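Colleague: I have a model open and would like to learn how to read its features. Can we go through them one by one?
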Amino acid sequence: MPEPHLRAADADRTAVAEVLGRHMSAGRLTVAEYDDRLARAYAARTYGELAELTTDLPTAEPAGSRVPEAPAVAGPPAGPAGGGPWAAHGWYGSSVPWAGGASMRAAWASWLSTAVIVVGIWLITSLASDGWLYPWPIWVIGPWGLVLLAQTVGGQRGTSCDDQRRLPHGGRG
């Protein structure tokens, strides 16, 4: 395990966010807990701060509860020597595509919760004003929903920046 006082990288924070998303999708975290921990993950500066966010979460999921993931892209070995909790969560060398699995479910959950909130605000203000107001929530949830739908239907096309970094030729054909 990396030493707790060492500074964490953006990739480390993103990996913790993916882990938290999987645990929220599994029902171990509420949306409020997930939002709080996600904000703390992106604000974390050290490995110790990141480790605090997952200490009460199991590192292994029960047999049969996990959906098979896409094969990993060939690249450097995952994690530092010794592994530890970082390797158990797949924090290094994670090749889980954004367009699928728990990350996509978390994205749709965020979209749905935002849609409920903005439509609720619009509905309350419309009822309070004795007339239907312009349906502005469509401009909040419409484009976001279209992007999510395209990513859900299209899957992972092309390569991500992480995949290009792992290619032996530095992302060149």
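Colleague: How many aromatic pairs does the count come to?

Modeller: This is a predicted model. A pair of aromatic rings is described by the distance of the centres and the angle of the planes. Here the count comes to 2 aromatic pairs. In one of them, the ring centres of W108 and W111 lie 5.5 Å apart, with the planes at 80 degrees, so this pair is edge-to-face.

Colleague: Where do W108 and W111 sit in helix α5?

Modeller: They are 3 residues apart in that helix, about one helical turn. W108 is partly exposed, at 26% relative accessible area.

Colleague: Next, the cores. Which residues have the most contacts inside the largest nonpolar core?

Modeller: Those are V16, L20, Y34, A41 and L50, in a core of 15 residues. Helices α1 (10-25), α2 (31-43) and α3 (47-52) each supply at least two residues of this core. The largest share, 4 residues, comes from α1. Take Y34 as a case. Leaving aside neighbours within four places in sequence, Y34 touches A17, L20, G21, M24, L29 and A106. There is also a second, separate core of 7 residues, which includes M104, W111, I141 and L148.

Colleague: Now charges. How many salt bridges does a search of the whole structure find?

Modeller: It finds 3. A salt bridge needs a side-chain nitrogen of Lys or Arg within 4 Å of a carboxyl oxygen of Asp or Glu. D10 and R13 meet this at 2.8 Å, N to O. These two are 3 residues apart in helix α1, about one helical turn. D10 is exposed at 56% relative accessibility, whereas R13 is buried at 12%.

R40 bridges to D36, with the closest N and O atoms 3.4 Å apart. Both lie in helix α2, 4 residues apart.

Colleague: What does the salt bridge between R37 and D56 tie together?

Modeller: The closest N and O atoms of R37 and D56 are 2.8 Å apart. R37 lies in helix α2 and D56 in the loop between α3 and α4 (85-88), so the pair ties together parts 19 residues apart in sequence. R37 is buried, at 13% relative accessible area. D56 is exposed, at 52%.

Colleague: Last, the surface. Which residues form a nonpolar patch there?

Modeller: I117, I121, Y134, W136, I138, W139 and V140 do, with about 740 Å² of accessible area together. Helices α5 (101-128) and α6 (137-154) are the elements giving two or more residues to this patch. Helix α6 gives the most, with 3 residues. V140 lies in α6 and is partly exposed, with a relative accessible area of 32%.

Key:
Residues numbered from 1 in each chain as written. Predicted model: local features only at pLDDT ≥ 70, side-chain atom pairs only at ≥ 80, totals over all residues. Heavy atoms only, no water. Patch = residues over 30% accessible without salt bridge, like charges linked within 9 Å, V, L, I, M, F, W, Y side chains within 5 Å. Areas by Shrake-Rupley, 256 points an atom, 1.4 Å probe, with all protein chains shown as cover. Buried < 20%, exposed > 50% of the residue type's maximum accessible area, 1.4 Å probe, protein only. Phe/Tyr/Trp six-rings, centres within 6.5 Å; stacked < 30°, edge-to-face > 60°. Core = buried A, V, L, I, M, F, W, Y, C linked by side-chain atoms within 4.5 Å. Contact = heavy atoms within 4.5 Å.
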